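Good morning, and thank you for coming.

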Amino acid sequence: MSSEPEDKGLPPPQPRPLSHLIPTDPSTAPFLRAAGLGFLAATVPSFVRILLGIILGKKGGRDSILNVLKKLLAVVIKGLSPRGLAVAGGISVGGAQWGESRVEPLVRKVLASLYAQSRRIRANGCAAVEEEGAVGSPRVQEPVPSEETVKRMATFVSGTIASLISITLLQSSPAYARPAFGSAPPDVSASPYPSFVDAPAPTGPAFLKPPAIQSPTLDLTLFVLVRATDTVVRTIYEYTGPSSGRSGAVVNQLARLDPRLLKLLQYAKSGEYVYRQVPSPKVAIMSAGIAGALGENFKLVNPQYIDRLPCKFVHGKLGGPGRCEVNAIRRWARAFLDSMFIYLPVHLIPHLLFGLRGLAGRPLPVLLKILIAACRSSAFLATFTASIYASVCFVRTGIPSVFPAVSQQILDSGLCTALGCFLCGFSVLIENKHRRREMALFVAPRALYAMMDEFVPAFLTKGAAGDILSRWIERLVFAASTGTILSATVHRPDLVSGVVRGVFGTAVGDWGKKARALEK
């Protein structure tokens, strides 16, 4: 007698899905998205620098394909480091969402305590008014923390804590670590030119003086600080209404600026390069190097033998010994072609990442728009670099021809470079209004970085204690700024502008949509 199974009529068992192996925590997706963006931020600039080195480098000194591949592989490995920018970005965003619900009860209690204190102060004020005879005066409505306020503050606190962890992790990596106190300063010069030509390196101060506070993450900190300040200002403007009251290296490469010439102008400003006076050995060696690079006699650059530095040494090999106008035109054309290799990817990649459907649907109009935008941006950068040379030459040769009484030493001691730096800024008018605002927010951190030595207190730049203090101040500024941007991106994305809104909006994804839906 055989017995059949009772479940004979049931469907055969299905294979168990693998969904149980995939993390279901809501913070996983933001972590992965932010990590991916962090990986791109860590690798793409390095890829661009390697490609620029190949394009702008001398033919005889270009690396082999194997060396280029090794460099690219090293960049990828650095980007995937567990203490790199990718993981740090993931922790900032994913950790913020993970900790949001966990810090919310504490934030609610703290806000309730602060509002209770406010109620007591307001109640004491009303009691004083009633004692003075103001019978029947209206009672002050007791303020209470709204759910919207609690949610936003919870996101800010969670984002600040997560960002503090991420910047600490990032600075623990050898690639992003601050140099040890008392160590030798890094080489901050970046140029396709050699430091010297057939001459030993001079002794004395560093070739280009680095800032007192040396931190590989300082530019990132200043960037998020400026963006967070922009977000706060936009918030204040909304609620109060209108009132009456490491980048320089790429520009140097595009301009093909010989750093020795820059240093020579610094010597002129400090009084070490004075016409018809015997220079110090380091100035004489540098003068010989500049002359030797163009195959000229060292006396044509040595201040002891000249009344004015000939413009052909300012022009360099690219500009040649011809007229200053020809030098400016040549540099504009070369910088424009070089800039296209930068701005074509800059304008194309956002369409590939965020607008691929539109690119596939209308390829020709979109590609034409990208090409025009890249040409416009390249024209801006080419005008930026060429106008510096044109202004410097105009001041050095034009002003003496009109005002012979003006000393050449005064012109070369800072006036020529000051005017060049002032005029080149007007090249930003070539860009559209939106990109001009983005560029202003982009250069603001670099302006702060350049002025660090001027407004940073001395106790933050001296001694091991100052090094530790400045390190933690940087971390706290970065954490609070990132927390501000994250909270605004999640709850009020209209207060975040430009590329930061796109990057942070992509990282938070539907976290922000769900949070705003709950607040309605």
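Let us begin with Gly 295, which follows helix H8 and has a positive phi, near 70°. The model is a predicted one, in which local features need pLDDT of at least 70, side-chain atom pairs count only at pLDDT 80 or more, and totals for chains, interfaces and linings use all residues. Residues are numbered from 1 along each chain as its sequence is written, and side-chain values use heavy atoms, with hydrogens and water left out.

Helices here are DSSP runs of H or I with at least four residues, numbered from the N terminus. H8 covers residues 281–293. Its 13 residues reach 18 Å from first C-alpha to last, close to the 18 Å expected at 1.5 Å a residue, where the expected span is 1.5 Å times one less than the number of residues.

Which residues of H8 are buried? Among them are Val 283, Met 286 and Ile 290; buried means under 20% relative accessible area, exposed over 50%, and partly exposed in between, with a 1.4 Å probe and protein chains only. Helix H7 (259–270) and H9 are included in what covers the buried residues of H8.

I turn to the cysteines. How many disulfides are there? The count is 0, a disulfide being a pair of cysteine sulfur atoms within 2.5 Å. The sulfur of Cys 416 is too far for a bond, because the closest cysteine sulfur, in Cys 393, is 9.1 Å away. Cys 416 is buried, at 1% relative accessible area, whereas Cys 375 is partly exposed, at 28%.

Key
Helices (H or I, at least four residues) and strands (E, at least two) are DSSP runs, numbered from the N terminus. Contact means heavy atoms within 4.5 Å.
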